[in-house]
Amino acid sequence: MSDGLSILLLGSGGREHAIAERLDQSDQVSAVAVAPGNAGTERFNIELDMNSNLAVVDHCVRNDVDLVVVGPEAPLVAGIADDLTLAGVACFGPSSEAAQLEGSKSFARAFAARHGIPGPVTKSFTEVDAALEWLDEYDGPVVVKADGLAAGKGVVVPESRVETERAIFSMLAEKSMGQAGNTIVLEERLVGEEISLFGVADGQTVVPLVTAQDHKRVGEGNTGLNTGGMGAFAPVPGITKETEADLARQFLTAAVEGMAADGTPYVGVLYAGIMLTEAGPRLVEYNCRFGDPEAQAILPLIESDLALLLDSAANGRLDTAPLRVADATSACIVVAAEGYPVAPRSGVAIPGVEVPEHVELLHAGTCYEGDRIVSCGGRVLNVVGTGGDLAEALDRAYPVVEQLTGDGLFARSDIGWRHAPRTKTAAGSYAAAGVSISAGAAATERIAAAVKSTHDDRVLAGHGSFGGVFDASSLARYENPVLVASTDGVGTKTLLARKADRWEGVGADIVNHGINDVLVQGARPLFFLDTVASAELEPETVGRIVDGMAGACREAGCVLLGGETAEMPDVLSAGSVDIAGTIIGVAERSALLPSDTIAPGHKLIGLASSGLHTNGYSLARKVFAEMDLNDDLPNAGMTIAEALLAVHRSYLKPLLPALDKGLVDGLAHITGGGFIDNIPRVLPPGCGALIDPATWPRPVLFNYLIARAGLDEHEAHQVFNCGIGMVAVVAPDQADDFQTVVDEETWVIGEVTIGSDVQLA
């Protein structure tokens with residue numbers, strides 16, 4: 001011990017190369033050995049089977065090893081720390097019981113619930129029938145997980161009920177998934193931004209290190225198959241010290257104290273995967289070791305002596321090793337072999353590269369083939385850049401990545417896209433034209449969960465890479481189905497949405513507008529397609545818009561099948577957003593509206609609007625141009641912004657009972673053109689309408705707008721809906737029945753007359 005620590009490091013990836021280099025820099029260390037290591041750790045490598053506890057313990061005892069640092073999780077779950085401790089060798093890693101936090105998902109969920117650690121709704125199962133019964137009761141999107149370590153094959157994020165059932169059957173029937181066994185965990189699918197928080201524990205206390213964010217998908221824009229990780233960075237921008245401390249208290253301290261209370265003290269790295277949901281942070285999972293590639297991003301930020309830190313934790317005296325973290329950012333980009341993660345190409349020669357200051361090249365899946373270094377794994381190399389912020393760290397790392405990729409190796413070019421999107425600036429590229437590819441990828445990632453939340457078995461997942469695929473067999477219940485389509489846009493309401501920073505509402509607006517437009521033809525909505533265009537794509541804005549669309553679709557039982565986001569800097573003015581969409585509905589041919597039975601004497605029954613809906617905004621903006629949208633609208637009990645941006649309501653649910661009973665002969669959606677232009681559209685030749693504006697209460701907003709704009713009654717009813725968003729044309733003898741079955745207040749506002757236009761009483 002007086003000559004320094006002798007340390008054995010178990011593992012062979014980029015994580016182990018990063019750890020080995022840092023341990024070797026310590027003046028507390030006399031020797032570092034790595035088993036089995038890779039080509040990058042060649043000077044440390046020894047021949048030793050790390051999966052044999054007996055061989056590892058024997059080596060440590062014979063060679064006076066002071067400390068064993070365990071890189072991967074499998075040896076920990078297999079009890080290497082227990083066996084080393086019995087032999088009197090310190091181990092930086094948890095006991096097999098404590099490692100069940102990663103080794104068994106059902107154990108981890110039960111532990112978290114017992115100690116008040118917030119997580120998703122979850123349930124463990126060993127029988128298919130019980131799992132399917134719970135799935136029926138839960139009735140929401142889930143994640144299916146094998147209970148134990150499953151070599152990366154143990155988590156399925158299904159796209160549909162069919163895929164969910166397939167995953168359940170597969171996992172419960174599988175006999176050869178490593179240690180996964182025959183238990184599965186069904187969990188609520190959490191939506192939000194996922195981060196990782198790492199801490200070092202000594203059995204009683206834990207010291208938080210730093211937050212990090214991994215990129216699991218193999219393809220650009222977080223597309224394609226899940227991998228071990230294609231890149232990471234630390235810390236996560238926007239996470240304040242206060243927030244980090246709060247997360248550490250909820251997910252690290254609570255776990256370490258809970259482990260101690262349960263009689264299984266936790267020693268080693270504790271890694272909490274945390275989803276930042278709208279309802280607050282939720283535990284995704286615990287890992288019982290440094291992540292890979294997160295470790296490669298975190299370790300350059302640790303200014304403390306790593307060997308001293310790990311040795312102090314392993315010996316229960318973490319308080320003697322103060323932690324210092326640099327005020328900097330580090331980013332790791334993974335360079336992988338072609339074919340990864342399914343069938344990575346082996347034997348790819350590793351090119352020589354120039355590695356500048358503030359950049360580190362780490363080896364992972366590499367080995368020697370004669371005199372040359374070649375790929376012998378899926379994730380081959382890591383390029384780590386460090387800088388004052390994420391953009392600088394990435395800008396330092398990517399030039400080295402570009403020297404490595406090609407000729408059998410590839411990397412994602414969008415690591416860090418949520419917080420520091422990279423754009424190519426070559427002449428003629430999208431970025432040079434003002435179009436941000438990585439911003440588009442960010443928008444795609446954000447909206448994916450929202451879109452999928454509307455999907456059901458009518459959507460054929462995995463098909464239609466350039467368009468949504470809808471199963472038409474769902475129309476078999478119709479005798480003579482007719483498809484009804486409508487396309488429209490939100491218009492200048494988006495300008496107010498930007499000014500007030502209220503985007504979800506305009507997303508719902510376009511869906512509900514479309515639903516009402518096919519409803520007036522007697523159709524029920526099937527699916528919706530959207531387009532969101534802007535001068536400069538803002539992922540957060542697009543995400544909020546699509547969240548609103550998805551919510552409206554779910555409410556209507558309609559599928560958000562797909563859409564398009566577009567940057568058009570030369571077409572749209574700076575700051576402007578255009579939102580449009582197409583809806584497809586279905587109706588029985590015999591039930592198409594309007595009916596040819598409409599005649600003079602038919603009653604016109606109005607349903608209340610929720611506000612301006614999506615028309616009249618050019619005038620409304622002028623009226624309120626000099627006013628603060630946060631001011632109260634006089635006598636309205638709400639602000640101007642709340643009144644103007646009230647969501648365009650859908651009339652599907654209130655009108656369905658009347659439509660199903662055949663009580664409706666026509667419907668007029670009061671949009672652009674108001675009563676004057678919209679009601680005649682549903683009337684037969686020779687028929688007009690008489691409307692009495694005194695028959696319904698006109699909301700304060702409309703009275704204010706009409707007075708401030710100086711409109712007469714005819715103009716007012718041609719510009720605005722004046723408080724009536726939908727007008728039903730009903731036979732005189734069925735008007736009472738209509739008003740009875742529609743579960744809200746309605747008003748008989750007029751009737752069909754002989755003529756050709758709309759008159760006001």
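Visitor: In which strand does Met726 lie?
Guide: This is a predicted model, in which local features need pLDDT of at least 70, side-chain atom pairs count only at pLDDT 80 or more, and totals for chains, interfaces and linings use all residues. Residues are numbered from 1 along each chain as its sequence is written, and side-chain values use heavy atoms, with hydrogens and water left out. Strands are DSSP runs of E with at least two residues, helices are runs of H or I with at least four, and both are numbered from the N terminus. Met726 belongs to the run of residues 724–730, strand β31.

Visitor: Is Met726 buried or exposed?
Guide: Buried means under 20% relative accessible area, exposed over 50%, and partly exposed in between, with a 1.4 Å probe and protein chains only. The relative accessible area of Met726 is 0%, so Met726 is buried.

Visitor: What distance separates the C-alpha atoms of Met726 and Leu667?
Guide: Met726 touches Leu667, among other residues beyond four places away in sequence; a contact means heavy atoms within 4.5 Å. Met726 and Leu667 are 59 residues apart along the chain, and their C-alpha atoms are separated by 7.0 Å.

Visitor: Which backbone nitrogen does the side chain of Asp292 reach?
Guide: Asp292 is found in the loop between β15 (280–287) and α10 (294–298). Because its relative accessibility is 12%, Asp292 counts as buried. Leaving aside neighbours within four places in sequence, its contacts include Gly13, Gly14 and Arg379. At 3.5 Å, the side chain of Asp292 reaches the backbone nitrogen of Arg15.

Visitor: How are α15 and α19 oriented to each other?
Guide: The axes, which are lines fitted to C-alpha atoms over the stretch in contact, with angles from 0 to 180 degrees between N-to-C directions, come within 11 Å and cross at roughly 15 degrees for α15 (residues 504–519) and α19 (residues 652–660). Angles under 35 degrees count as roughly parallel, over 145 as roughly antiparallel, 65 to 115 as roughly perpendicular and the rest as oblique. The two helices α15 and α19 are therefore roughly parallel.

Visitor: How are α1 and α11 oriented to each other?
Guide: The axes of α1 (residues 14–24) and α11 (residues 306–314) come within 7 Å and cross at roughly 100 degrees. Ile19, Arg22 and Leu23 of α1 make the contact with Leu306, Ala307 and Leu310 of α11. By the angle of their axes, α1 and α11 are therefore roughly perpendicular.

Key: A polar contact is a pair of N or O atoms within 3.5 Å; within protein, one must be able to donate a hydrogen and the other to accept it, and residues adjacent in sequence count only if both atoms are side-chain atoms.
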